[in-house]
Amino acid sequence: MADLLTISPFEFFVQHTRTRFPFRYGIASMTDVPHLLVRTRVTVGKESSFGLTSEGLPPKWFTKNPATTFDQDLPEMLEVISHAAILTEQIARTPVSFFNFWQELYRQQNVWAKARGLAPLLANLGVSLVERAVLDGLCRIAGHPLHQMITANRLGLRLGEIYADLYSAQPRDLLPAAALDSCFVRHTVGLGDALTPADIPTNERVDDGLPQDLENSIRAYGLRYFKVKLFAEAERDFARLRELSCLLERETGGDFFVTLDGNENFKSFAAFREFWQEAAADVALRALWQRIIVVEQPVHRDHALSDDAGAALRAWPDRPPLIIDESDGELGDLTRALSLGYAGTSHKNCKGIVKGIANACLLENHRRSGQRVVLTGEDLCNLGPVALLQDLAVMALLGIEHVERNGHHYYRGLSMWPDDWQTAVQTAHDDLYSRHAQGFACLQIRAGRLKLDSVNAAPFGVQPLLDPTRFARQAMP
């Protein structure tokens, strides 16, 4: 039976963060990022609890318009979040189930966004942050972790109203019977990332106790899974990929797997097909190419789900498994992608929790029908102690065994947070965090894996209920 809840007005706080060195992806280079904390109070009957979530607001991912600056993009991000919060307060003034609240919020937010000409991926960032904060509060009131809440369908999810193919299916019918107790870290190799110490530019060299280049990251963490970003320029990519292939063979003994991220950089599927076939014929890349699991979003979101894209995929029967990422902005995009010839999509919490659960169930339904489908776990430079742990809780629920993680690489552990926050999180999640010799809390990656037992035991990934009021309040549009 679904819990009926009411939701109080939202509060917003901000912590400004800076990366250890630039993270280069797509058309962006990320260094300074506002990290938004969102809090509300959820009430069920006579019980109530705060719910907290957070998200870094990076440049040029939710929208990828080269003509605008980050200073122009940030107000739009804050506006969609603020609008979703205001709608939620109106929808949940009287008791409502989580699913009914989410369904109406999603509908109203997207009607508003379409009228404003806002991209669905951006609009639904607002829906995602709101649903995460509410879900945290609801799990704390119930005293049950996320996977138990979903298995018992305490959210009242009606999957058939999201995807008709799922009819009367319950989440427990299609999701794994138990949450994963660990996952492999799939390490991001960004466009500007150093492969060896010799590649680090002098002005970007850091000495902060953590590995900076790929070679030392593999040695420190025992990495076996990697996500490699592409320029979509054969001359630049092939030389780097050859060097990368040699490094991975040497450092892992050939025991590694790779996903490729086109980051929307290819002008068309014809251009990507030419790139792929040329690389596959390159003897120096043969070992690397044999270990590619999937290719993520090679062409721009404006064209990726077009009829022309479908024609190009149908004309390429031996194509690699392809998934959408940035193109997965709203409900229906996955269905469209599968009909065109894609193999699946990615999950990121910033794209939505309910949507991610529904997508996982839809793909599992297709898999049981004999289709080859893929659901990956990707990263948006997630930072602990809130966003990262909530994301890991969902990945464990969905059964995603290797997950792109890069927040621990581009940031110096939890060093940007107060020491009492670091201590609280490390104490509650001592299977996931440890104290570095230099005093800050950092992820424990052992043999390439993260342990998830404490994440799965917590209400929604995070055990301690952290108080964000010490940070600056974020003015919202």
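Okay, so the protein chain here has 17 helices and 17 strands, taken as DSSP runs numbered from the N terminus, with H or I of at least four residues for helices and E of at least two for strands. The radius of gyration is 21 Å, close to the 23 Å that the globule rule gives for 477 residues, so the chain is as compact as a globular protein of that length. That radius is over C-alpha atoms, and the rule is 2.2 Å times the number of residues to the power 0.38.

Quick caveat: this is a predicted model, where local features need pLDDT of at least 70 and side-chain atom pairs count only at pLDDT 80 or more, while totals for chains, interfaces and linings use all residues. Residues are numbered from 1 along each chain as its sequence is written, and side-chain values use heavy atoms, with hydrogens and water left out.

Now, the inside. Of the 477 residues, 63% count as buried, meaning under 20% relative accessible area with a 1.4 Å probe, protein chains only. The largest nonpolar core has 157 residues; a core here is a set of buried Ala, Val, Leu, Ile, Met, Phe, Trp, Tyr and Cys residues joined through side-chain atoms within 4.5 Å. Which members touch the most others? Those are F98, F101, L241, L248, W289 and Y342. Helix α3, residues 120-142, gives the most to this core, with 13 residues.

Take Y342: leaving out residues up to four places away in sequence, its contacts include F269, V299, L313 and I324, with contact meaning heavy atoms within 4.5 Å.

Definitions and conventions: Buried < 20%, exposed > 50% of the residue type's maximum accessible area, 1.4 Å probe, protein only.
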